[in-house]
Amino acid sequence: MVRYFNPDSNFDRILTTKTMRSFIFFLVVGFQITGYGQQAFVSDADRIIEFPDIPGYKTLKCDFHQHTVFSDGSVWPNIRVQEAIKDGLDAISITDHIEYQPHKADIPHPDRNRSYEVALEAVEGHDLIIINGSEITRDMPPGHSNAIFLEDVNRLNVKDSIEAYREAKKQGAFIFWNHPHWTAQQKTGMATLTETHKMLIEQGLLDGIEVVNDVTYSDEALQIALDHDLAILGTSDIHGLIDWQYGIPRGGHRPVTLVFAKEKSKEGIREALNQRRTAAWFNNLIIGKEAHVKPLIMESLKVTKAAYRSESSVLELEIQNLSDAEYLLENLSSYTLHDHANVIAVKPHKRTTLLVKTVKIMEEVKLPFRVLNVVTAPKTNPDITLSVKVQG
Ligand SMILES: [Zn+2]
Ligand SMILES: [Zn+2]
């Protein structure tokens, strides 16, 4: 039985007034305690991952490693699609484990393409690209790898692990090594190339490597990518919910792979991956080859104002940041700054003012910076130069 609210009842009126009072009390006190008064919620528009295109290429945001109830994930594939749309992604792959099926008793599915098919139905009417993929889940070596652009996942369900890689390649797949630094398979946390991996690379059976998986990063994986010309990838490997795992309401974001593609299409992504035009975006880090990340920094940062402060030789610069990254610029010039020490944080989607003491009045100023939140090799950050024309 349900007891309905009766506004004519004295009891209910007292109850309501009391409830309202405690509710208002909670609002006033609760907001102060939790700090909601000062801190805005992240809106749907704010959570969209944004980076500018670079000359000649579109910057596509992709997550090629995700799980659903069709292996050991906790959600139906349509939730993966909705999360990706909310994050403004361009492409995703749902890569359920072929060999690990803990929900099999409740969700028997002899056809291992089902999570892809369900996602395809869910994406109708949106321009999110879904790529059919799967996680080849084996002991080390070779450990876990994702094969994407598959035609039929079922044919990879074979005993011999190398045969699964060969079958994936036969279908035209792009294959990347997952979490090579995962401590469950690599106690030291140091991604290490085994003889098996060398053989896979030599035979063209391994095209990429995760330098970022979920909340972890690997310098050693990045070095392997650079030494063996593998694509650099960052993925969520999400099993639960993106919003919870990455604190979206607090301004967090999932790790993604930035793919620099000639066009937004499956073929465009495949071509870019095969040409290794990728970078990983993780926390506030951008990880990639200099050839890709330098243009990304240059397209992100635009000087919108450059003028001397009246009666002085202090040059006021305004730098607009068109990306989600907070760029940390270390001043490499001989000039000192009027409002910063040697490191400047250029906030995402904001304009940052910089005061440069040029001593002499200049018409043009070259300002070299090291970009500390961008990594091109282990312990290596790229340098950029902002060429500034002073406004008369
Ligand atoms: Zn895995
Ligand atoms: Zn996984």
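**Loops, strands and packed helices in a predicted model**

His349 lies in the loop between β16 and β17 (351-357); helices (H or I, at least four residues) and strands (E, at least two) are DSSP runs, numbered from the N terminus. Its phi is near 55°, a positive value in a residue other than glycine. With 13 C-beta neighbours inside 10 Å, His349 counts as partly exposed; a residue is buried if 20 or more other C-beta atoms, placed from the backbone, lie within 10 Å of its own, exposed if 12 or fewer, and partly exposed in between.

The model is predicted, and local features need pLDDT of at least 70, side-chain atom pairs count only at pLDDT 80 or more, while totals for chains, interfaces and linings use all residues. Residues are numbered from 1 along each chain as its sequence is written, and chains are lettered from A and ligands numbered from 1 in the order in which they are written.

Asp237 is placed in the loop between β8 (231-235) and α7 (242-245). This residue is buried, because 26 other C-beta atoms lie within 10 Å.

The protein as a whole has nine helices and 20 strands. Of its 392 residues, 38% count as buried. Among contacts between residues at least 6 apart in sequence, 63% join residues at least 24 apart; two residues are in contact if their C-beta atoms, placed from the backbone, lie within 7 Å.

Two strands pair if DSSP finds at least two bridges between them. One of the pairs sets Lys366 against its bridge partner Ser387 in β20.

Further strand pairings involve β1 (residues 58-63). Five of the six residues of β1 are buried, so this strand is largely enclosed by the rest of the structure. With strand β9 (residues 256-261), β1 runs antiparallel and is joined by five bridges; Thr59 stands opposite Phe260 in β9. With strand β2 (residues 91-94), β1 pairs in the parallel sense over two bridges, and Asp63 has Ile92 of β2 as its bridge partner.

Strand β5 (residues 174-177) also has an antiparallel and a parallel partner. Four bridges connect β5 to the antiparallel strand β4 (residues 144-148), with Ser145 opposite Trp177 in β5. The parallel pairing of β5 with strand β6 (residues 208-213) has two bridges, and here Phe176 stands opposite Gly208 in β6. In a regular strand the side chains alternate between the two faces of the sheet. In β5, Phe174 and Phe176 point one way and Ile175 and Trp177 the other way, and all are buried.

The loop between β3 (129-137) and β4 contains Pro141 and also Pro142. A cis peptide bond joins Met140 to Pro141, with omega about -15°. The bond from Pro141 to Pro142 is cis as well, with omega near 0°. The C-alpha atom of Pro142 is separated by 9.4 Å from that of Glu195, 53 residues apart along the chain. Glu195 is found in helix α5 (residues 195-202), and it is exposed, with 8 other C-beta atoms within 10 Å.

Two packed helices are described by the angle between their axes and the distance between the axes. Helix α2 (residues 77-86) and helix α3 (residues 114-122) pack at an angle of about 50°, with their axes 8 Å apart. They are therefore oblique to each other: angles under 35 degrees count as roughly parallel, over 145 as roughly antiparallel, 65 to 115 as roughly perpendicular and the rest as oblique. The contact is made by Pro77, Asn78, Arg80 and Val81 of α2 and by Ser115, Val118, Ala119 and Ala122 of α3.

Note on methods:
Axes fitted to C-alpha atoms, helices over the stretch in contact; angles between N-to-C directions.
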